[in-house]
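Work through these exercises with the sequence and the model open. Try each task before reading its solution.

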Amino acid sequence: MEDETVPRSRAPAAITAAALTVASVVIVFVWVDLSPRVEPDFFFSSDDPQLRATQVISNRFPTPPQIIMRVEGQARARDITSEAYRSAIRGLSDALSNTTGVVDVNSIATDDAARSPLWQRLLLTPDANATNIIVQTDTTDPEVLVPRLEAVVAEFEQSPIHVETSGVSYVIELIRRHLLRDLLVFSVSAFLVFGVLVGLVYRRWQILSGMLAACVLACSTTLIIIQLLGVSIGLLTANIAVIVFVLTLSHTVFLAANWRHAATGNRATSDDPAARAVRMTLWSSFWCMVTTLLGFLSLQLASAKPLRELGIAGAIGTLTALTVAYTVFPAFLRAMPVTFGGGDGTDSGLIARHFPTHHPRRWLAVLAAVVLLAALGVPRITTDPSLLSYFARGTEIRDGLEVIDRDGGSSPLFVVVADAAGERLDTDDANQKMWALQEMLEADTAVGVTLSPVILLAHAKNTPFAGFLNWSQLLDVLASPMFNRVALSFVTADRQQGLFFIRMRESGRTESREAAVRRLEDYARNSGLDVALVGGQFELQAQLGRLIASSLKLGLGGLIGLFVIIAFIVSRARRIALAMVLCLSAIPLFVLGMMGHAGAAIDIVSSPAANVALAMGVDSMIHLVVRARRLAGGKIPTWNEWMSARQQLWRPVISATLIICLGFGIFSLSTFPPTQRFGIAVVLGTLTAAIMALVALPFGAAATLRSPPSTLSEAMQR
């Protein structure tokens with residue numbers, strides 16, 4: 001017979017928690033800067049050693065930032081020699097020149113591309129119906145400058161030309177917009193999706209209100225703390241709100257399950273069911289928090305700035321999620337009426353029908369085979385994806401960048417050379433060596449437009465009276481203020497080093513960036529030149545690929561090593577700890593292997609997915625092990641205790657898995673492919689972890705027991 005009681009009202013605590021949640025949201029919108037920041041060196045921080053070569057080159061050869069606009073003629077202006085096309089180019093060039101933040105504009109309306117080796121390479125394209133406009137800009141923030149340029153281009157939408165835009169500043173602004181959209185869409189979607197899900201599952205407004213209040217407060221608190229610490233919303237931290245929302249919701253799911261177990265059991269004590277739920281769950285949640293915390297802290301070993309920022313923000317969010325879940329949500333549980341009696345809240349019939357309980361070795365063999373087949377895809381993983389992979393195929397942005405990339409390359413590479421014999425570069429001999437390198441580079445299919453000192457000098461030779469000057473005198477003239485010191489952008493003042501500015505092609509690239517750079521360095525040595533420095537976005541991405549590969553090995557290896565210790569602490573039995581570690585190791589193997597089979601790139605955004613999936617996937621295993629030990633009275637659990645623990649926890653495990661999958665499944669709404677890949681990888685890892693927790697772990701931990709029961713009913717009889 002059931003006895004329903006309503007505990008003494010705890011409404012004031014719940015109201016206080018709700019008010020605190022509202023206040024935190026107001027603070028976030030009023031004070032926290034939610035606009036993502038993506039700097040030109042967004043892969044690395046300014047003090048990273050990988051960035052030093054590029055910084056040295058930029059200081060030694062000062063060159064203003066450039067934006068490339070590809071202008072294709074349409075209809076009556078399809079012929080680039082027609083007056084209609086040239087008139088449109090002239091009008092667009094003038095409008096761009098009058099834009100605040102633009103330093104200079106070069107086009108076929110301002111420069112004679114037919115007579116200049118320099119402008120031939122910069123302004124003309126392989127397409128006879130299109131030319132380029134080179135827009136040199138100042139240091140104006142791309143968030144301010146790019147909209148100005150877009151407004152100018154929009155004025156020419158009705159003219160007979162079509163404009164495609166590229167350049168570092170432009171790409172940075174596009175990425176920032178994608179991140180801002182994701183931040184807004186994900187936050188709203190998470191609130192609505194989880195609100196509906198929790199309402200359907202629990203059907204009690206107190207649980208719904210408590211879970212949403214805890215999740216929103218945890219997200220707001222995390223954003224406030226990282227703002228105080230000076231961590232900006234960036235390439236990866238734009239997703240932190242959803243991550244913290246999911247982490248908090250996962251804690252509350254197990255709290256709600258244990259509250260239900262305590263409230264529907266026999267009235268053995270006078271304890272508040274909410275207090276009992278906290279005691280039953282806190283130990284497991286603490287170690288779940290520790291594993292997730294270690295997962296994020298492992299990102300601090302990475303050299304890439306976005307990974308370290310995610311590590312800091314994720315660590316803060318992990319601690320905040322646990323704290324808020326256990327201080328806010330219990331207040332709402334205490335405000336609920338309690339029904340004592342009616343069983344322990346488990347459904348042995350359902351668990352027996354839907355989960356395997358016999359032939360453990362057969363099930364373990366099947367799971368092991370699936371993981372090993374997936375792991376065969378690990379060697380196929382690429383951590384050096386194309387820059388174009390950051391934008392979805394078929395979109396206007398991707399199509400435009402691909403066209404510009406095919407015309408003359410899209411990823412800058414700087415190669416600084418010196419004469420191998422130690423001679424100055426303003427001699428005839430050095431000039432011949434640099435021409436030899438120029439011709440080798442332009443013959444390479446991976447190389448687009450290449451600018452160098454010899455191209456600058458060839459351009460200058462076309463000016464009146466230049467033929468009377470030797471190379472050294474000509475460089476002196478070009479280094480004067482009269483010509484805006486243009487020579488110093490390609491040759492140092494002492495004439496000991498020269499810069500080759502190369503736009504590398506990303507479309508159709510099959511070799512690694514590292515291999516491409518090494519080949520170009522060989523060209524320089526074969527020409528009699530030494531390579532002094534290599535930098536630029538292309539080289540930085542090559543280094544980033546190496547760092548991502550290294551962080552995957554060291555980060556995941558270190559995490560599994562730390563989890564070995566945690567597994568021993570939680571289980572206090574070698575057999576159980578070994579089973580936990582094997583199950584955990586299967587998660588990254590399956591995730592990375594499936595991504596390798598699918599040909600999905602592991603880029604800077606998706607690379608933390610394996611760490612996050614591993615750290616979050618261990619939660620269900622820890623809860624299951626702790627429950628089995630509690631049922632065994634602190635001893636090594638038998639087959640019966642493992643089956644009973646699984647009976648009691650399968651609902652929260654499935655619920656937590658569903659929540660995490662939905663949470664990171666929201667990332668599929670992103671228009672930013674790296675974010676989509678990140679979400680898919682975490683979902684794969686979470687599903688793998690749930691299967692390992694409910695099937696592999698109980699069987700693996702109990703597989704060495706003598707003659708395990710063949711069915712659950714037999715186990716219960718024993």
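**Exercise 1.** Which residues of S7 are buried on one side, and which on the other?

*Solution.* First, the ground rules. This is a predicted model, in which local features need pLDDT of at least 70, side-chain atom pairs count only at pLDDT 80 or more, and totals for chains, interfaces and linings use all residues. Residues are numbered from 1 along each chain as its sequence is written, and side-chain values use heavy atoms, with hydrogens and water left out.

Next, locate S7: residues 411–419. Strands are DSSP runs of E, at least two residues, and helices are runs of H or I, at least four, numbered from the N terminus. Buried means under 20% relative accessible area (1.4 Å probe, protein chains only).

Ser411, Leu413, Val415, Val417 and Asp419 are buried on one side. Pro412, Phe414, Val416 and Ala418 are buried on the other. Nine of the nine residues of S7 are buried.

**Exercise 2.** Find the strands that pair with S7.

*Solution.* Pairing requires at least two DSSP bridges between two strands. S7 and S9 run antiparallel, joined by seven bridges. Here Pro412 has Arg503 of S9 as its bridge partner. S10 (residues 529–535) is also antiparallel to S7, over six bridges. Val415 faces Val534 in S10.

Key
Buried < 20%, exposed > 50% of the residue type's maximum accessible area, 1.4 Å probe, protein only.
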